[in-house]
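Please open the model in a viewer and keep the selection panel at hand. The stops below are to be visited in order.

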Amino acid sequence: MQQSPQPNRANPAEFFPTDPTGLPEATRPALLELADGDAFDLRIGPVAKRLGEATVRMLGYNGSIPGPTLKVQQDSEVVVHVTNEGDLEGTVHWHGLRLDNAYDGVPHETQTPIPVGGDFTYRIRFPDAGLYWYHPHIREDYTQEMGLYGNILVVPPESDYWPPAHRDVLLTLDDLLLEDGKIAPFSPAETTYTAMGRFGNVLLVSGEPDLALTARAGEVARLWLTNTANTRVFNVALPGARMKLAGGDSGRVEHEEFVSEVILAPSERAVVDVLFGQPGQLELQHRTPDRTYRLASVTVTGEPAAAGPAERFEVLRTAPELAAERQALDAWLDAPPDKTLALIAEMDDIAAPAQDAGPVVYACPMHPEVTSDQPGRCPKCGMKLLVTAFTTQPAGREPSPMPHDHGASEHHGNGHSHGDDHTHGAGQGIEWEDDMVAVNRLTTPANMRWMLIDRTTGAANAAIDWQFTEGDRVKIRLVNEMDSDHPMHHPFHLHGAGRFLVLARDGAAEPNLVWKDTVLVRTGQTVDILFDVTNPGLWMAHCHIAEHMQSGMMFSFTVARQGAAR
Ligand SMILES: [Cu+2]
């Protein structure tokens, strides 16, 4: 039995609506192939989404989850007329695009939020080839979880920018928290689950809990992967097929390389070419140190594919534009950082004892066997010890495909057995699951403060006031400190003021460069990035765990035009 208090659920008006009655059923995303100067409409509105036996109320762009896939030519421009018929005011952020600041979709900073019933017209440009995505920038913990995300595929003019492939397969990776056949409640007033972020218990690939893919023997399929989850990190594998890493957040990698798995933090992308061999049944998987989940089934048919792409699959190419960046890397590795940001949590003891409560016992929410009669930190993971009433719920709530009484659990529940030795910290500095559900659900921006701290000025979050100029290259050091009330990983995202290269992780030079907009900084890790500043305006930097951002982990910085006074 849970001993922790439950959030107040007495009054349904305190939560966003969950009733799908009468709503149109969510459709599959349309592919919109757009030419330079084209315009299209994007409507935000509620849909009924079938997830196995359950039908839940979600939000879609143009009635689909994910929203439509935009396929555009590099250096083109399109006009998007957005109407908001959703549950709250909104914006659209075009993630990873180095576009004009006015269309970046940051509420109050680059535009007035679009009220419910209102509209806004974006002009978006695509200077870089690769895979991007769009999502709201108001209460993403709710709106993105509800299904508001879609992909953008930017096609380069060079036909050999990517290696040859038969087919493009775009897949979003997400999870969703269902309770009693409904999406677990969201308060319009405040974000919850701010400690770990809201982990789901249903995994969704391109919006589907049980996606089935087909391929032909000898086919090379290009998987375009985007992690749209609030907080879950995915580790994608496809045993039985060969995988070649071809690209990342923004375009191709320096060196194509064969891989057995690919890690994507929230908002990161990966471009993976897959060569299918003999006919048979395969599984696209998400693999954590403790479990393996099925993301999708893949049926490889005996129908042969044309030979060309498979013959050239063995060739591992190098991207000249990134090889050129490599030439200057040693100097940047040796240079001191221009900026240093610390990533830190401050957490109240949400079960702090009353004055006359007598002696209490403190324990780690993740390691209940670690107890103390004094406040302190867990020697195993660094987590702040909390009064034990909050630590007695069994840890772990891994996703199963559907609520348990629907009998579909064989679809995802094919993992290794989950022993009691779930050692925190053995997960490569990544929180793969919510290991402290009882505490996590009670955390809010009021009792959990996530912070980015400028180590030069001491300024935190919104008080940080960085100023750059177009053309700058800035070395930024990200230090994920263990001296924190809740050390965990953070995907650090920079908006389209530019793009960056990862220089080094814990002092080790990055072996394979790729232009990025988000980098996963693992627990206790130090990551150096080189930010190539190209676009003037007021831009955001933030953690892309939606609940961390809502809990303060963000700031904005300015980029001046070249030649203009700072
Ligand atoms: Cu974070």
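How many of the seven residues of strand 27 (residues 448-454) are buried? Six are, so strand 27 is largely enclosed by the rest of the structure. Buried means under 20% relative accessible area, exposed over 50% and partly exposed in between, with a 1.4 Å probe and protein chains only. Strands (E, at least two residues) are DSSP runs numbered from the N terminus.

The model is predicted, and local features need pLDDT of at least 70, side-chain atom pairs count only at pLDDT 80 or more, and totals for chains, interfaces and linings use all residues. Residues are numbered from 1 along each chain as its sequence is written, and side-chain values use heavy atoms, leaving out hydrogens and water.

Glu346 stands opposite Arg449 of strand 27.

Then select the copper ion. Its protein donors are His490 (ND1), Cys543 (SG) and His548 (ND1), at 2.0 to 2.1 Å. Donors are N, O and S atoms within 2.8 Å of the metal (3.2 Å for Na, K and Ca); water is not among the atoms, so sites may look incomplete. The donor spacing along the chain is H-x52-C-x4-H. His490 belongs to strand 30 (residues 490-494) and Cys543 to strand 35 (residues 537-543), so this pair ties together parts 53 residues apart in sequence. His490 is buried at 1% relative accessibility, and Cys543 is buried at 2%.

Finally, select Ile152, whose contacts (heavy atoms within 4.5 Å) include Leu70, Trp94 and Phe126.

Terms used:
Helix = DSSP H or I, 4+ residues; strand = E, 2+ residues; numbered from the N terminus. Pairing = 2+ DSSP bridges. Lists of a residue's contacts leave out its neighbours within four places in sequence.
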